[in-house]
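Trainee: I've just opened this one and could use a guide. Can we walk through it together?

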Amino acid sequence: MEALVALPHWAVLSPLVTVIRGLNPGRMTLQGTNTYLIGTGAQRLLVDSGEGVPEYLPLLRDVLRQLGGISISHLLITHRHRDHTGGIRQVLETSSGPVSVWKRLTPRDPQQQAGAFNFNHIADNQLFKTEGATLRAIYTPGHTDDHVVFHLEEEDALFSGDSVLGQGSTTYEDLKQYMDSLKRTLEDCAKIDRIYPAHGPDLVDGRAVVEQYIQHRVQREQEILTVVTAANAGISSRGIVEIIYAKYNPEIWPAAEHSVKLHLQKLIEEKRLIESGRKHNALYSLPPSDKERL
Ligand SMILES: [Zn+2]
């Protein structure tokens with residue numbers, strides 16, 4: 001993997017946006033989770049809360065003080081992963097007044113369980129306004145089923161959560177939903193100049209970045225379809241990996257197979273492939289109607 005660029009603990013990125021790092025670097029989080037303070041007034045919005053490492057709270061307090069003693073009125077969470085929600089209590093501690101906390105709620109959220117956090121539900125297209133800034137929420141499931149991105153209307157910028165990263169590549173629970181969400185993001189945002197991702201540095205030419213993400217996965221899908229078509233009598237996910245990743249170190253094959261399986265699942269859902277045999281020895285082939293057409 002490419003080396004990670006060094007990032008400052010916090011930085012004013014634009015007249016409307018300040019980034020504060022979650023200080024939780026790691027294999028999955030890259031340089032750690034970015035949290036973003038948005039607006040120009042004494043009360044601002046914060047997107048994501050980091051993981052809850054002890055050093056985050058004094059850093060956040062220091063930034064709020066250096067920006068003129070401002071406070072946070074709304075905390076908006078992109079999705080439920082711990083590196084985005086672990087710092088919620090810390091964010092609440094920075095304010096003497098109320099902070100409303102928002103997240104897309106799905107049936108998987110344990111709202112009724114004891115000790116569960118009481119989130120306000122983010123509706124699709126919901127607007128969050130603060131002095132100088134308007135954020136529009138777009139529901140983008142795929143990385144997780146509760147994932148939301150935010151479009152900053154004044155800058156034509158996108159807070160992409162984990163759907164687009166500043167470096168490296170993301171993971172998905174459901175690839176079909178993930179790709180549909182990327183396409184919907186492009187349709188819903190006439191312009192995307194800058195991308196402020198939850199991990200890694202911010203990116204310019206955001207629309208092209210999202211298009212590349214889609215293109216990359218369409219290419220992989222084509223490779224898989226080509227291999228399955230050539231195999232004729234059906235091929236296993238492992239068999240597909242051994243062909244597509246023939247030139248790569250076999251050590252990465254298990255991870256590659258995980259990704260190939262997500263693609264296969266999507267292609268089956270779209271009825272472009274069929275699966276036969278038992279789960280672990282499943283074989284993949286083209287649907288009979290497609291074979292006749294060839
Ligand atoms: Zn995540």
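Predicted model: local features only at pLDDT ≥ 70, side-chain atom pairs only at ≥ 80, totals over all residues.

Trainee: Which residues coordinate the zinc ion?

Mentor: Look for donor atoms at 2.1 to 2.2 Å from the zinc ion. In sequence, the donor residues follow the spacing H-x1-H-x61-H-x18-D.

Trainee: Is the site of the zinc ion tetrahedral or irregular?

Mentor: Four donors count as tetrahedral if all angles lie between 85 and 135 degrees. Here the angles among the 4 donor atoms run from 91 to 167 degrees.

Trainee: Does H143 count as buried or exposed?

Mentor: H143 sits in the loop between β9 and β10, while D162 is in the loop between β11 and α4, 19 residues apart. Buried means under 20% relative accessible area. D162 has 6% relative accessibility and so is buried. H143 has 5%, so the word for H143 is buried.

Trainee: Which residues form the salt bridge between domain 1 and domain 2?

Mentor: Domain 1 covers 10-204 and domain 2 covers 216-293. The count between them is 1 salt bridge. In domain 1, L175, K176 and M179 lose the most area to domain 2. One of these, K176, has a side chain that meets its partner at 3.9 Å, N to O, so the pair is K176 and E270.

Trainee: How much area is buried between domain 1 and domain 2?

Mentor: The contact involves 8 residues of domain 1 and 7 residues of domain 2. Carbon and sulfur atoms give 67% of the buried area, and the total is about 790 Å².

Terms used: Residues numbered from 1 in each chain as written. Heavy atoms only, no water. Donors = N, O, S within 2.8 Å, 3.2 Å for Na, K, Ca; no water. Tetrahedral: all angles 85-135°; square planar, octahedral: opposite > 155°, others 65-115°. Helix = DSSP H or I, 4+ residues; strand = E, 2+ residues; numbered from the N terminus. Buried < 20%, exposed > 50% of the residue type's maximum accessible area, 1.4 Å probe, protein only. Domains from an automatic or database assignment. Contact = heavy atoms within 4.5 Å. Buried area = accessible area lost by both parts, 1.4 Å probe. Salt bridge = Lys/Arg side-chain N within 4 Å of Asp/Glu carboxyl O.
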